[in-house]
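Q: Can you walk me through this one? I'd like to start with how the chains meet.

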Number of protein chains: 2
Amino acid sequence: MPEQPHPCGPRYCDDCDRFSAWYRFTGDEAEARAKALDLCVEQTIEFPVDLLPEGFPATDVIGRLERLENGPGDAWWGLITFPMSDTGFEIPQILNMLYGNISLKPGIRLEMLKDCMRLWEKFKGPRFGQEGLRKQLGVPQRALLATAVKPMGLSAQELADRAYLFARGGIDLIKDDHGLANQPFATFEERVNRCASAVARANHDSGYHSLYVPNVTAPAGELERRAKFAKACGAGALLVAPGLVGFDTMRRLADDDEIGLPLLAHPSFLGSFSSHPEHGISHHVLYGQMMRLAGADASIYPHAGGRFTFSESDCHAIVAGCQVPMGGLEKIFPMPGGGMTLKRAEELRRFYGNEVIYLVGGDLFRNDPDVVKNCETFRRLLEK
Amino acid sequence: MPEQPHPCGPRYCDDCDRFSAWYRFTGDEAEARAKALDLCVEQTIEFPVDLLPEGFPATDVIGRLERLENGPGDAWWGLITFPMSDTGFEIPQILNMLYGNISLKPGIRLEMLKDCMRLWEKFKGPRFGQEGLRKQLGVPQRALLATAVKPMGLSAQELADRAYLFARGGIDLIKDDHGLANQPFATFEERVNRCASAVARANHDSGYHSLYVPNVTAPAGELERRAKFAKACGAGALLVAPGLVGFDTMRRLADDDEIGLPLLAHPSFLGSFSSHPEHGISHHVLYGQMMRLAGADASIYPHAGGRFTFSESDCHAIVAGCQVPMGGLEKIFPMPGGGMTLKRAEELRRFYGNEVIYLVGGDLFRNDPDVVKNCETFRRLLEK
C-alpha cells in the first residue's frame, strides 16, 4: 500500500470537500491511467465529458486522479478523490460511487479508503466497538471466544441445550449459525427464546457472562421485528450478514436506539468481491472498513489455513481495516473462524494477540466427549 | 448447460420438497466431486458430518449431489438439490444457501436455478412483467426505449428540462441516472417533483405515454418513503439497485400494494459476482433469475460491445434468465445499456428482437443538436 497521506493533509481531510480511495489497476502505466480516468467519470457523472453543457461545475462533481504510482505487487495504484457531496452522505450511494458501475469492468480493485473525517463524521459507525464490547462482556484484556449454535436441522430445544453447554464452558459469544433463519424445524421465535433462556440459566449456574447472539438476517421489513424480539428475550448481541440484506440495513440496525445491541457481521455472499486479486474489493476495505462504516462491532471471516482460502496477508489486511483511523469511528474486532481448532490456539495467539474474537465451531465437539470441558480448554489456552 | 430435467420430474418439481441448482466446478472429476460434496454440507449444516448426533435427519436437511457431468466449457457440472424447508421461504436465506459461504471458496460458480414450482410459488415475483409493463406503456409489440436523466451535478430544473425533451421525443421510460440519490445540487424531492411534472407536461403536449422512473435506491428505512413520494408525484415506475440495498429490499418494494409500480433493476455493485468464469454467479442467474425472483420487471445490464465487457453469450444468458419458466413468475424485460448508440440499432434488433428495452444514454445528445429529433430517430429505427 503506498504510504502517501491524503492529498489534502497529513492524515485526514478536515478542510476540503473530497474523500479518497486507492485503487489498483491492471496493465501498464498508460492502461492504468486510462482506467483511472475512466473511473473518475464512470463513478460520478457517467456521461460523455465532451457533451457536458457549458458552465457545468466539473470539479465539484467529477472524480479526480490525484496520483498514479507503481505500488505493491508491481501494479499501478491510483489515488482518486471524489466530491463528498456526490454521496448525499448515504451508504448505498457511497458504495455506488466507490465500486458501482466499475464492478462491471475488469482490472480495477478498490484497495483502501483513506481516512476522511468529514465523511465519516456523518455516520455513527459501531455502537460498541472493541472497548464497548469488552465492557458488555466484562473482559478487559484477554482474547474473546465465540462459537456457533448448530447444525440447522436440530430442534430449538436441542440447539438451546448446546447453547447451555457452551455458556457453561465460558464461551463469551454464543451465536446462531448464520444458516439458522426461520425454518420449521426451529422457528426463529422458539429458537431465540429457548437459547436465550438457556444461556441465562448457564450464566446463573456458572457465574460467567456469556452473550447469546441470534441471527437476525431476515426479509426486508422483518429484520427489525426479529431484532426487537431477540432483545426482549435477552439476546446480548445480534448476528447479521450485510451481503444478504445490504450494508445499510446493518447500519440502520446499529443506529437503532431501541435495539442498541452489539452487531457481529457475517461474510456470507460477499466472497466474490474479494476472491480475485485484480478485481473487486480488498479484504481490508470489505471486511474491515466497510463493516465499520456500516456499524458492525466485529467482522467474521475465515482465517488462513481452515476450510477456506484467505491468506495470512489477507487476514492481516482485515485486522488493519478493523483498526486503522477512520475519523471518530470505533475500532472493531476481527473475528476469525472457518475451521479453527484448539490445536491452533498457540499459533492464533501469535498471529492476533488479544484484540480478537476467536470463532470455533465443530472442534468444540471433537477433542473430549465433554463439550463444557473443550470450551474450558480453549479458554485456558488463551488465558495463558 | 446440461439439458437434464429436474431430478424429480420433467420440468419442475411439483411433488417433492427439494429445490435444485446447477453449479460448475474447477478441477478434474475427483476434485469437482469433492467440491460438490463439500458444498452440500457447507451450504446447509456447516458442521462435521462425523459429529452429527445420532438420529439426525440428514436427508431432510443436507444438500445432495444428484448428478455430476462433464458439461459445457469442458468443466464438471453438478446438479445439487437442497431441502426447501432449509430456506424458511425467505430470499436472504435462499441466497445464503445458494452462494453464501461458498462465495468464500474458489472454483465454484452458480450457473442455473432449475424451475421449482413449489419454491417459486411462495413469492410474488414481478408485479408487472413484460406483459404488464407493455400495458402500462400502451405499447403492445415494438421494442421499448429508455434513457437516463443525467449527469449528476445538474440542478433539478436542468434535469427536468432534459426529461421533458426525452418525453417529447417519445422515449418510453425516462429513468434517473442510478447515481442520482439525494445530493445537494438536486435533492430527491425537488428532482422527482420537477422531472415527473416535466414528463407529464410533455405527454400532454405530445400525446405519448412516457413514464418517469426515479431512482429510489436509498438508505434502509428511507427507500419506502421515497417510493411513496415518487408515486405521489406521478412517477410511472421506479429504479432500484439490489446490489446496493439487498435483493430482498427490492422484493419488498415490488410486493408493496400501496406503491404498486413497475421496477427497473440496476446492476450497480454486482459485477464482481459475474466477472470470473470460474467463480461467482452466472449472468443467467444473477441478472435474470434472481432479479425476477426479487420482483424486478426489467433487468438493466451492459450490452456486449459498449463501455463494458459482457460478451454476446453473457447477454443471451441474461435474456434466457429473464424468460425461462420459473413456476408462475412473470417473464421480465432484458434492458441492455452501457454505451448503446443509434448506429447500432439495426444490430441490436437482430440480437434482441422486440422483447427488450433499449437503454440509450449520451448518444441521444450526439447525433443532432436537437435531442427530441435524436429520440425520434431512435424510435423510428425500432419501428421499422
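**Chain contacts and sheet**

A: This is a predicted model. In it, 78 residues of chain A are in contact with 78 residues of chain B.

Q: How much area is buried between chain A and chain B?
A: About 6500 Å², with carbon and sulfur atoms giving 62% of that.

Q: Which three residues of chain A supply more of that than any other three?
A: L104(A), M152(A) and F269(A), which supply 12% of the area that chain A buries against chain B.

Q: How many salt bridges are there across the interface?
A: The rule finds six between chain A and chain B. In one of them, the side chains of D50(A) and R366(B) meet at 2.8 Å, N to O. Residue pairs in polar contact between the two chains number 32.

Q: Which element gives the most to the side of chain A that touches chain B?
A: α3(A), with five residues.

Q: OK, symmetry. What rotation superposes chain A on chain B?
A: One of 180°, with 0.0 Å of shift along its axis and an RMSD of 0.0 Å. The two copies are thus related as by a two-fold rotation axis. G246(A) has the C-alpha nearest the axis in chain A, 2.3 Å from it. Both copies use the same surface, since 100% of the contact residues of chain A recur in chain B.

Q: Switching to strands: what is the order in the open sheet of four?
A: In chain A, β7-β6-β5-β13, with parallel pairing.

Q: Which are the edge strands?
A: β7 (211-213) and β13 (357-360) of chain A, each pairing on one side only. From one strand to the next, the twist averages 25°.

Q: And how many bridges join β5 and β6 of chain A?
A: Four, between residues 144-149 and residues 173-176. V149(A) has D176(A) as its bridge partner in β6(A).

Definitions and conventions:
Residues numbered from 1 in each chain as written. Chains lettered and ligands numbered in written order. Predicted model: local features only at pLDDT ≥ 70, side-chain atom pairs only at ≥ 80, totals over all residues. Heavy atoms only, no water. Least-squares fit on C-alpha atoms with pLDDT ≥ 70 in both. Contact = heavy atoms within 4.5 Å. Pairing = 2+ DSSP bridges. Helix = DSSP H or I, 4+ residues; strand = E, 2+ residues; numbered from the N terminus. Axes fitted to C-alpha atoms, helices over the stretch in contact; angles between N-to-C directions. Buried area = accessible area lost by both parts, 1.4 Å probe. Salt bridge = Lys/Arg side-chain N within 4 Å of Asp/Glu carboxyl O. Polar contact = N/O pair within 3.5 Å; in protein donor to acceptor, adjacent residues only side chain to side chain.
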